[in-house]
Amino acid sequence: MPMPKDRGRKRIPRKTPGGKQAFLIEKGKRGIAACAACKNQLQGTTTKRNVAKSMRTPSRLFGGNMCAKCTEKVISIAALVESNELRTADVDLKYREKVKQLVGEK
Ligand SMILES: [Zn+2]
């Protein structure tokens, strides 16, 4: 029985090493990575699998999740929140979750 997420996927018949008939479930296509805050397409990301290290998602803070500009903003806002110059509740909604992550609030 396929898992619910695999029900719509294409099944390819294959034989197992033991000679039994089994189905290989085709992997879905990856979507294009977009910034969590501004929704722009992320640079330095790929939809392909098994690519060279230089083509993989950046390993920095929020790499593959937010663009460099938004990351910069979030870091500066988080610094203001930590020094009690700004409350988390006053932070723009699109940055709030990430600021909370950086500051360590829940
Ligand atoms: Zn962005």
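Student: What pattern does the protein chain follow along the sequence?

Tutor: Read along the sequence, the pattern is β-β-α-α. The protein chain has 2 helices and 2 strands. Helices here are DSSP runs of H or I with at least four residues, strands are runs of E with at least two, and both are numbered from the N terminus. The model is a predicted one, in which local features need pLDDT of at least 70 and side-chain atom pairs count only at pLDDT 80 or more, while totals for chains, interfaces and linings use all residues. Residues are numbered from 1 along each chain as its sequence is written.

Student: Why are α1 and α2 called oblique to each other?

Tutor: Two packed helices are described by the angle between their axes and the distance between the axes. Helix α1 (residues 68-82) and helix α2 (residues 93-103) pack at about 60 degrees, with axes 9 Å apart. The axes are lines fitted to C-alpha atoms, for helices over the stretch in contact, and angles run from 0 to 180 degrees between N-to-C directions. Under 35 degrees counts as roughly parallel, over 145 as roughly antiparallel, 65 to 115 as roughly perpendicular and the rest as oblique. The α1 and α2 pair is therefore oblique.

Student: What makes up the contact between α1 and α2?

Tutor: From α1 come K73, V74, I75, I77, A78, V81 and E82, and from α2 come Y95, K98, V99, L102 and V103. Two residues are in contact if their C-beta atoms, placed from the backbone, lie within 7 Å. The residues of this contact divide into 9 nonpolar, no polar and 3 charged. Ala, Val, Leu, Ile, Met, Phe, Trp, Tyr, Cys and Pro count as nonpolar, Asp, Glu, Lys and Arg as charged, and the others, Gly among them, as polar.

Student: How does the radius of gyration of the protein chain compare with that of a compact globule?

Tutor: A compact globule of 106 residues would have a radius of gyration near 13 Å, but the protein chain has 21 Å. The radius is taken over C-alpha atoms, and the globule rule is 2.2 Å times the number of residues to the power 0.38. Along the principal axes, the C-alpha atoms fill a box of roughly 65 × 30 × 25 Å.

Student: What makes T71 count as buried?

Tutor: A residue is buried if 20 or more other C-beta atoms, placed from the backbone, lie within 10 Å of its own, exposed if 12 or fewer, and partly exposed in between. T71, in helix α1, has 22 such atoms within 10 Å and is therefore buried. Leaving aside neighbours within four places in sequence, T71 is in contact with L61, F62 and M66. Of the 106 residues of the protein chain, 10% count as buried.

Student: Why is C38 called partly exposed?

Tutor: C38 has 13 other C-beta atoms within 10 Å, so C38 is partly exposed. C38 is found in the loop between β2 (21-25) and α1. Not counting residues up to four places away in sequence, C38 touches C67 and C70.

Student: What is the phi of K39, and what is the phi of N84?

Tutor: Most residues other than glycine have a negative phi. K39 is not a glycine, yet has a positive phi of about 65 degrees. Phi of N84, also a residue other than glycine, is near 60 degrees, a positive value.

Student: Are K39 and N84 buried or exposed?

Tutor: K39 has 9 other C-beta atoms within 10 Å, so K39 is exposed. N84 has 7 such atoms within 10 Å, so N84 is exposed.
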